[in-house]
4 protein chains.
Amino acid sequence: MRLHTICGRNAAAVEKARVKFGWERASTDWRAVVADPEIDIVDICTPNDSHAEISIEAARNGKAVLCEKVLALDVSQAAAMVAAVNKARVVNMVCHNYRRIPAIALAKRMIEDGTLGDRIYHYRARYAQDWITNPDFPLVWRLQSKVAGSGTLGDIGAHIIDLGRYLVGEIKEVCGLLETFIRERPLAQSQGSGLSVVGSKGGKKMGRVTVDDAVSFVGRFKNGALANLEATRFAHGRKNHITLEINGSKGSLAFNFEYINRLEYYNSEDPADRRGFRSIIVNDGSHPYAGAWWPNGHIIGYEHTFTNTFADFVKAVAAGKSVQPTFEDGLQNQKVLAAIGESARTRQWIKVE
Amino acid sequence: MRLHTICGRNAAAVEKARVKFGWERASTDWRAVVADPEIDIVDICTPNDSHAEISIEAARNGKAVLCEKVLALDVSQAAAMVAAVNKARVVNMVCHNYRRIPAIALAKRMIEDGTLGDRIYHYRARYAQDWITNPDFPLVWRLQSKVAGSGTLGDIGAHIIDLGRYLVGEIKEVCGLLETFIRERPLAQSQGSGLSVVGSKGGKKMGRVTVDDAVSFVGRFKNGALANLEATRFAHGRKNHITLEINGSKGSLAFNFEYINRLEYYNSEDPADRRGFRSIIVNDGSHPYAGAWWPNGHIIGYEHTFTNTFADFVKAVAAGKSVQPTFEDGLQNQKVLAAIGESARTRQWIKVE
Amino acid sequence: MRLHTICGRNAAAVEKARVKFGWERASTDWRAVVADPEIDIVDICTPNDSHAEISIEAARNGKAVLCEKVLALDVSQAAAMVAAVNKARVVNMVCHNYRRIPAIALAKRMIEDGTLGDRIYHYRARYAQDWITNPDFPLVWRLQSKVAGSGTLGDIGAHIIDLGRYLVGEIKEVCGLLETFIRERPLAQSQGSGLSVVGSKGGKKMGRVTVDDAVSFVGRFKNGALANLEATRFAHGRKNHITLEINGSKGSLAFNFEYINRLEYYNSEDPADRRGFRSIIVNDGSHPYAGAWWPNGHIIGYEHTFTNTFADFVKAVAAGKSVQPTFEDGLQNQKVLAAIGESARTRQWIKVE
Amino acid sequence: MRLHTICGRNAAAVEKARVKFGWERASTDWRAVVADPEIDIVDICTPNDSHAEISIEAARNGKAVLCEKVLALDVSQAAAMVAAVNKARVVNMVCHNYRRIPAIALAKRMIEDGTLGDRIYHYRARYAQDWITNPDFPLVWRLQSKVAGSGTLGDIGAHIIDLGRYLVGEIKEVCGLLETFIRERPLAQSQGSGLSVVGSKGGKKMGRVTVDDAVSFVGRFKNGALANLEATRFAHGRKNHITLEINGSKGSLAFNFEYINRLEYYNSEDPADRRGFRSIIVNDGSHPYAGAWWPNGHIIGYEHTFTNTFADFVKAVAAGKSVQPTFEDGLQNQKVLAAIGESARTRQWIKVE
């Protein structure tokens, strides 16, 4: 495998990155890159508003495509992307990297093999951060709907929706709310064009926050499980705090990203006086992906979720096989996001298409 | 203070309890008890369907009344109870004992003194148990709407609603769902009359579960904070698992009943490299109620929440002063429960009256 | 059972306590009390220097005796006490209440039934507090060797030695150190006589601390297990922090008093990908002492360890049976304490007698 | 910087590693490598018995040397290595990578800036693993004193001794024990020559374990702090479990490697009702090494401790500056190991040279 071309908008920055990360070439012309016959795989890490165009063009050129989540700005874009990769019959993947946290992969195994029983009652997930609690934090692209599509909903809510779909199944209906706690923020020095300046505060130009700061909703899975999900950027002290709990008819699983090497497992069939959540350190040779990493207890971190993802993707491309999560998963995720958005706007329960 | 009369339906059982717990007299006639001129305080610990009648009669007789939560079967009953105690001008309290967990009382102090900042963004609470996950668990009174009013909603959901009202403020609107996972259960030997037998399974008569096994809802407080609450009896491994988190503009608090002596506190104004949730052991002399108990770190438990509650109530009666949570709080709680019930039935957002 | 007579040195204080706690009589004459033919049980909660005299006299009068730990000031006192209760054939118990923490009782059960395997490799225990870290904390009786015998060694070290003997077996030899970090402390207002004033600081009279602030030692059990124990009153943030870990050939147990309702258990025979420490909430009906307390997960605390102890003692007296830990256990504990003291003085390994 | 030559004993294996890890050349002749004028840095990752020879030769050739811990098999070897690097004036470092865990680097900062106060009372550390609990685990090189020097003592005990020296200061004296729980183990297929076969069990040839399975000791630092350290490979459920606690006159720090991104900090000067151990997620921009890694809360792992170490080493070599921990640190560590070994043999307190 070769690191062929790294591509970006700023020539100097791209060249710097090329040298730092060891790519052969640098480019600022993505259309040329996705058309380059020497290139087999295109990995799209741009802001959300360019995912569709690049992915579709890459697929049209027969490239295997790995695209950052969220797949698109809306359902119709995502559907077009799915159509493009399917028509081109290229291997495609949306980068929901958290599926390949070893603890999550172990959870998947345990649910599939019946460890939790034949019914799932609850899927409860929360993704909490605190990086924009300060009202002086500027109006970055992630806070602008034109570029980001949505706020917490698509940025971090999308992750726990994807994990719910992966671990529990398809979501049938949702009802919830979106909230923007801080509605105006200072523009950064370089900002302005395209953003409506809504006033000034302390000498700083202020712009409108056009995405949600928090999302909270309840829902039902098709298999009858209940969903309760919340994502927020306003939880002081929570840095990248993804907490999940899944309750089945035979046991429960719990996970906390801030303790990424652990999966908590309660087996209701343990002897009565010896029942308790087990804190499994998911670094043992018997665990998913563990063979690629360090001895038991030696702890892996955030970037390994990407490494595991890319390794599976590259193997799938080499083998010409499909690999989850596909663009179809990305589209389905987008449908849930759209349903939540609609529910928040209309104050109704919304069926997921 | 004297333990004057203990009252129940079964004479033998009441007498046995009288001896065991050191009461002076035993009775099976509650009307006589609440009319007894020697008695100043009536404490009502009966199932929910008799709270109203006994409370109203006790108030009419000028007794101070302490009533188990939930206050009543519905809003109109609760309103009648409030009217009765107000008319009689008797000290009244609904026994939401968890307000007097020292960690909760400390949380209240910290919110009131501005420690969390001038805005609360999130109140998130969950009350999870697992005692009826087994489908063979019988149809006890708590699973019958005629006696219990509701299931998890009124039994345990009511607690975390009360804590939300206590710590954050009044709830403005709610939207959510109720679910019954196991719809039929075996009748106990002695049951049957008044319960519709819906079939039999493995030779056992089966009855209809007429309450909810789980409740999950989102909402908004009047002060703009978001609410996300869930209560369930179907979470394997969770025994009396009440988890709260409150995120304010300056910090966060978190609590877990299974670690009842702790309050987690994050102060966003700590130096940048020394910020983290503090695990405060709430047994220090400076903490609420700590003076009544053991040296720091020596741990108190479940019953102490009742002791603290009763102590405050008795002091209030002696002083002729009001003491929270009053029947008015019980009524307001009931309005939230009613709104959730209506939201679940109608699939609509419902304003709390 | 009757609460017959409460006895102390200060008549007014004793009378106040009598009323508060519901005793029939108050006395300041312990010799009269232990000779009173109406009395069957004598419970000795005095400072350590009077344990021997009272216990021996009570035994001579045929009373069942429950004595606070540490049993005595030294081995010879303890031996005399054992001789006295054995000669009198009275039920006797030293109040090592932590044996009856339900989690510890469960640990005992699991070790006895072979759950940890046929070999124990390690017993590791620490008892950490922080109540005298402030150099201005006065010279209370616990810091004076004449009254207390020793400092952390006998006060809190004795507890974790007792738990080691209870759970693992007899200790064969020890080697360790004692340390006094703060060697002079202010006298309390009322102190002075009998204490050598060694100077003054900031206008306060200072006295010599004559006990250890910390003890730390390694050792070997007769069965080959290794011991590592530490007790200190100089660990900021640790309030009543008893942590134990026991590693056997098939599994491990861990306990932390600050989470008293939990026992951590690792079973090496769980399936490879599902191994982890289980956090058992020791409130289930299947657990020791749980039947006497609240529903699962509803948490008990410090005083319940005494209640459990007294209940077992009273039942034993009623049945005329021996009940552990006996004075013999107290003596054996004292021998370990003595060996540690000697090891610290001589800088030698010392065999426990 | 170039990855010039990778060197090992087995040509095929080295070539495979060369390709996998992107080195320019492969070699099986270490003498040629350390003499190669194109090479500036030699990183020695061989078993312990070849550290001295290679290091000395590399230094003689003017190479900067990074050597795996433990530095040598004994004090005299280590002293010769120190002499060699000092004579050659080459940058030298022993790879105690755990010093550059961000949480440990933060602890160092906090101790140096007086956060814990002017006195340290306790340094308590434990390094527990369970990878050889199975008696059928074979007699690998780490279990043979000729190759490994010692067992847990030098392999993992050395780490927590180094952390103690780094964080608290020089150790003055020690007293403790070494233990070998399983004294004979099966030889691996390829083993035998050089190992005395002591018998056979179940058809397998058995060899003598000549190192310690566990070490446990107490000690004193020169500054008066007490040390209590334990290392074992016989603690079921503990995988790479390094736990530290440091108690100072103003506060405490605690660390657990299995939660490597956290440092627990107790500040005795926090307001009385808000004191508790803070769980600091050490990924913030204000933390050591955090700038090189992911956003706050995104978690790093085991290998990052090496990356941080190598980065600091390479910068030091480029700048021609010394970088801790030097070979001198490695030597001092070896002296502590030797003192413990001697203490275990002689059952005496031993002063560290």
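**Close-up views of a predicted model**

Figure 1. D:Gly199 lies opposite D:Met206, a residue of strand 10 of chain D. The model shown here and in the other views is predicted. Strand 9 (residues 197–201) and strand 10 (residues 204–208) of chain D pair in the antiparallel sense, with four bridges. Two residues lie between the strands of this hairpin, and D:Gly202 takes a positive phi near 55 degrees. Strands of a sheet pair through backbone hydrogen bonds, and the pairing is either parallel or antiparallel.

**Figure 2. The hairpin of strands 9 and 10 in chain C.** Strand 9 (residues 197–201) of chain C is paired with strand 10 (residues 204–208) of chain C in the antiparallel sense, over four bridges. Opposite C:Val197 stands C:Gly207, which belongs to strand 10 of chain C. Between the two strands of the hairpin there are two residues, and C:Gly202 has a positive phi near 55 degrees.

**Figure 3. An open sheet of three strands in chain B.** The strand order in this open sheet of chain B is 3-4-5, and the pairing is parallel. Strand 3 (41–44) and strand 5 (92–95) of chain B are at the edges; each has a single partner strand, so one side of each has no neighbour in the sheet. From one strand to the next, the twist averages 15 degrees. Four bridges join strand 4 (residues 64–68) of chain B to strand 5 of chain B in the parallel sense. Within this sheet, B:Leu66 has B:Met93 in strand 5 of chain B as its bridge partner. In a regular strand the side chains alternate between the two faces of the sheet.

**Figure 4. Two helices in contact in chain A.** The axes of helix 3 (residues 51–60) and helix 4 (residues 75–88) of chain A come within 8 Å and cross at roughly 10 degrees. Because angles under 35 degrees count as roughly parallel, helix 3 of chain A is roughly parallel to helix 4 of chain A. On the side of helix 3 of chain A, the contact includes A:Ala52, A:Ile56 and A:Arg60. The residues they face in helix 4 of chain A include A:Gln77, A:Met81 and A:Val85. By class, this contact between helix 3 and helix 4 of chain A has eight nonpolar, two polar and one charged residues.

**Figure 5. Where the two domains of chain A touch.** The domain assignment divides chain A into domain 1 (5–97) and domain 2 (100–298 + 326–346). The centres of the two domains of chain A, taken over C-alpha atoms, are separated by 25 Å. Domain 1 of chain A brings 20 residues to the contact and domain 2 of chain A brings 21 residues. On the domain 1 side, helix 4 and strand 5 (92–95) of chain A are the elements that give two or more residues. Helix 4 of chain A gives the most to this side, with six residues. The residues of domain 1 of chain A on this side divide into 13 nonpolar, four polar and three charged.

**Figure 6. The contact between chain A and chain B.** In this contact, 29 residues come from chain A and 29 residues from chain B. The elements of chain A that give two or more residues to the side touching chain B are strand 6 (120–128), strand 7 (171–179), strand 11 (214–221), strand 12 (226–232) and strand 14 (251–256). By class, the chain A side has 13 nonpolar, twelve polar and four charged residues. Of the interface residues of chain A, 100% are also interface residues in chain B, so the copies meet through the same surface.

**Figure 7. The contact between chain D and chain A.** Here 18 residues of chain D are in contact with 18 residues of chain A. On the chain D side, the residues divide into eight nonpolar, seven polar and three charged. Since 100% of the interface residues of chain D are also interface residues in chain A, these copies meet through the same surface. Chain D can be laid on chain A by a turn of 180 degrees and a shift of 0.0 Å along the axis, with an RMSD of 0.0 Å. Of the residues of chain D, D:Gly301 comes closest to this rotation axis, at 2.5 Å (C-alpha).

Technical notes
Residues are numbered from 1 along each chain as its sequence is written. Chains are lettered from A and ligands numbered from 1 in the order in which they are written. This is a predicted model: local features need pLDDT of at least 70, side-chain atom pairs count only at pLDDT 80 or more; totals for chains, interfaces and linings use all residues. Two strands pair if DSSP finds at least two bridges between them. Axes are lines fitted to C-alpha atoms, for helices over the stretch in contact, and angles run from 0 to 180 degrees between N-to-C directions. Two residues are in contact if their C-beta atoms, placed from the backbone, lie within 7 Å. Angles under 35 degrees count as roughly parallel, over 145 as roughly antiparallel, 65 to 115 as roughly perpendicular and the rest as oblique. Ala, Val, Leu, Ile, Met, Phe, Trp, Tyr, Cys and Pro count as nonpolar, Asp, Glu, Lys and Arg as charged, and the others, Gly among them, as polar. Domain bounds come from an automatic or database domain assignment. Copies are superposed by least squares on the C-alpha atoms of residues with pLDDT of at least 70 in both.
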